[in-house]
Amino acid sequence: MNRCMETQAQITDYIDGSLPPDKLEGFIDHINSCEECREELNIYYTLYLGILQLEHEDEEVGELYDLDGALAEELDHSELLIKRRHFMQGLRYVIYTTAFWCIFLAVLFQLRIFADLGVL
């Protein structure tokens, strides 16, 4: 229940797009596994889109929003961002590991050269 309260407190940040990336994954995981929190998100998102539509009432709006589709699309986009973040973290790990080993081998080769020259 504590996780539900924490997730529900983050709903407005998620809708505004201001939920930090480190909290986004936990939020999406919980939303996908908890029907009550998903329903709460659906309500908030519906209100958000309704208010957005009222604010742009004077502009030409072609058709009403597909509310369920819009939320599903937003959640899919968030999951894509999470996957991209994981990929970039893995790539960063590979690059740092490769750089470490290159530097380590360069130092070993340099020590070998110094040893062959009699400097060491």
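How many residues in the lining of the largest pocket are nonpolar, polar and charged? The lining divides into six nonpolar, four polar and two charged residues. Ala, Val, Leu, Ile, Met, Phe, Trp, Tyr, Cys and Pro count as nonpolar, Asp, Glu, Lys and Arg as charged, and the others, Gly among them, as polar.

This is a predicted model, where local features need pLDDT of at least 70, side-chain atom pairs count only at pLDDT 80 or more, and totals for chains, interfaces and linings use all residues. Residues are numbered from 1 along each chain as its sequence is written, and side-chain values use heavy atoms, without hydrogens and water.

**The pocket**

The largest pocket has a volume of about 190 Å³. A pocket is an open set of points on a 1 Å grid over the protein atoms alone, with protein on both sides within 12 Å along at least five of seven lines; lining residues have an atom within 4 Å of a point. The volume is the space filled by probe spheres set on the points, with a 1.4 Å probe. Among the lining residues are Tyr14, Pro21, Glu74 and Arg85. H5 gives the most, with six residues. Helices are DSSP runs (H or I, at least four residues), numbered from the N terminus.

| Helix | Residues | Supplied to the lining |
|---|---|---|
| H3 | 21-33 | at least two residues |
| H5 | 67-117 | at least two residues |

**The H1 and H4 pair**

The axes of H1 (residues 2-9) and H4 (residues 35-55) come within 10 Å and cross at roughly 15°. H1 and H4 are therefore roughly parallel (angles under 35 degrees). Cys4, Thr7 and Gln8 of H1 touch Glu36, Cys37 and Glu40 of H4 (heavy atoms within 4.5 Å).

Key:
Axes are lines fitted to C-alpha atoms, for helices over the stretch in contact, and angles run from 0 to 180 degrees between N-to-C directions. Angles under 35 degrees count as roughly parallel, over 145 as roughly antiparallel, 65 to 115 as roughly perpendicular and the rest as oblique.
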